[in-house]
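Subject: Structure handover

Hello,

Here is the structure we talked about, with my notes below it. Please read them alongside the coordinates.

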Amino acid sequence: MTRLELDSVTKVFGDPDQDGVVAVDDLSIDVPDGDFLVLLGPSGCGKTTTLRMIGGLENPTDGEVKFDGTVVNDIKARNRDVAMVFQDFALYPHMTVGENLGFGLRREDNDMSDEQIETRVTEVAEMLEIEELVNNKPAQLSGGQKQRVALGRAIIREPRLFLFDEPLANLDASLRKTMRTEIDELQSEVGITSAYVTHNQEEALTIADRIAILDEGQLQQLGTPDEVFNEPANLFVAQFVGSPDMNLFDGTVSERDDAYRIEMDAVDFEIPKRLVDAEIETDDVLVGFRPQDLYQGANRPRDGPDIEADVRVVEPVGTEAIVHGSSFLGDVTAKVGDFHGIGSGDQLTVSIAPEHVYLFDATTEELLKGRLVTEREEGAVSTDGVEA
Ligand SMILES: Nc1ncnc2c1ncn2[C@@H]1O[C@H](COP(=O)(O)OP(=O)(O)O)[C@@H](O)[C@H]1O
Ligand SMILES: [Mg+2]
């Protein structure tokens, strides 16, 4: 059981005094024992480099990596007792599944008997439901089965940490969803602290205890899936997390007695001050709406702005539809439930409840007001908008 800390960790490739690449920039993250951390961000933001520094495959230029409070910077990868699972499964082709699973246990410094190893291999194979395949060679396995064996090799030793680098990226969509649920279950079952890299926000929101969102090597936010969805620290996080993309419009804000008045082109509406945590001291804001927070017809909140749109495209997704339209504010995307009868060329009026509106400072792009979860909504909203 291990608490993992990154303390002001920086990694520069090349010469720091010349034009070195700052892959990770002063990153501090504290992962409690047993937690599932997801490192999320666009390609090139420093996720893999961070994971490799945790695993000991890369040395930080600056800062400390700690396991249970002890600095491990000088400890070699093979002595850190971490298990890594990568995108390419890297099984030994000439060994059977059983031999692949047991390989880590047969190392010289291990004093387990052949019988004990056999028992453990069977246990893990059963846990991953691949017990029928133990005598097969990797070439005889499907992609999903291979990835299960790779996972099995990681968990068989009960390491201090699991490190995953986009382990599901090569699998097709439906298998990816099944496997991510299995990884999630497996991790909570064995309770081993984990760091998991992905650029897929949906995967991050479903699997993480906490998500660290990186951009250009810098931490943008560290929070639970609910926190990063409802209270994104800044515009970058708001645009990276959630699907379909958030609608964003320029607006101005002015103060009333007990409310902020928001103006966007031809519409205005009020946000009661009790819905805003801190004083808003700027005039220019970016106003954000999640597509799933826009309602139409009789469900339309009366205290929000009415936005009239000409429907361009309706994309049905099961019982809901994503509607793309053009409005006086610009393009608008809504995710609506009762979409039958709405078609391209129609006029649609949508509105949003003031508590669901996001406000960002137009200059700093920092969050001024997040999405409040209120009694107006039925049921939980944490995964609302996560399933595309
Ligand atoms: N070995 C390396 N040498 C030079 N630059 C590297 C090396 N590894 C990564 N980088 C650079 O560091 C940055 C972060 O890379 P990486 O950690 O792989 O990002 P991610 O995993 O988020 O896609 C990128 O600009 C990448 O080009
Ligand atoms: Mg990577």
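Which residue just after helix 3 takes a positive phi? Glutamate 129 does, with a phi of about 55°. Please keep in mind throughout that the model is predicted.

Overall picture

The protein has 388 residues, of which 39% are buried. Its secondary structure comes to eight helices and 21 strands. The C-alpha trace spans about 75 × 50 × 40 Å along its principal axes. Taking the contacts between residues at least 6 apart in sequence, 65% join residues at least 24 apart.

Domains

The domain assignment gives two entries: domain 1 covers 4-235 and domain 2 covers 245-369. Their centres, taken over C-alpha atoms, are separated by 38 Å. Contact between them involves five residues of domain 1 and five residues of domain 2. On the domain 1 side, the touching residues divide into three nonpolar, one polar and one charged.

Ligand 1

The shell around ligand 1 consists of Phe13, Val21, Ala23, Gly41, Ser43, Gly44, Cys45, Gly46, Lys47, Thr48 and Thr49. Sorted by class, that shell has four nonpolar, six polar and one charged residues. Strand 2 (21-31) and helix 1 (47-55) each supply at least two of the shell residues. The largest share, three residues, comes from helix 1.

Helix 3

Helix 3 runs over residues 114-127, which makes 14 residues. From its first C-alpha to its last it reaches 20 Å, close to the 20 Å expected at 1.5 Å a residue. Val121, Val124 and Ala125 are buried in this helix. Seen down the axis of helix 3, these buried residues fall within an arc of 100°, so they line one face of the helix. They pack against helix 2 (97-102) and helix 4. On the other side of helix 3, the exposed residues are Glu115, Gln116, Thr119 and Glu126.

Helix 5

Does the length of helix 5 agree or disagree with what its residue count should give? Helix 5 (residues 173-190) has 18 residues and should span 26 Å at 1.5 Å a residue; its end C-alpha atoms are 26 Å apart, so the two agree.

Arg180, Ile183 and Gln187 are the buried residues to look at here. They cover an arc of only 60° around the axis, which puts them on the same side of helix 5. The face turned away from that buried side carries Ser174, Thr178, Thr181, Glu185 and Glu189, which are exposed.

What do the buried residues of helix 5 pack against? The partners are strand 3 (36-40), helix 4 (143-155), strand 7 (161-165), strand 8 (194-198) and helix 6 (201-207).

Just after helix 5, glycine 191 takes a positive phi of about 65°.

Regards

Key:
Residues are numbered from 1 along each chain as its sequence is written. Chains are lettered from A and ligands numbered from 1 in the order in which they are written. This is a predicted model: local features need pLDDT of at least 70, side-chain atom pairs count only at pLDDT 80 or more; totals for chains, interfaces and linings use all residues. A residue is near a molecule or strand if its C-beta atom, placed from the backbone, lies within 6 Å of it. Helices (H or I, at least four residues) and strands (E, at least two) are DSSP runs, numbered from the N terminus. Ala, Val, Leu, Ile, Met, Phe, Trp, Tyr, Cys and Pro count as nonpolar, Asp, Glu, Lys and Arg as charged, and the others, Gly among them, as polar. The expected span of a helix is 1.5 Å times one less than its number of residues. A residue is buried if 20 or more other C-beta atoms lie within 10 Å of its own, exposed if 12 or fewer, and partly exposed in between; C-beta atoms are placed from the backbone. The arc is that of the directions from the helix axis to the C-beta atoms. Two residues are in contact if their C-beta atoms, placed from the backbone, lie within 7 Å. Domain bounds come from an automatic or database domain assignment.
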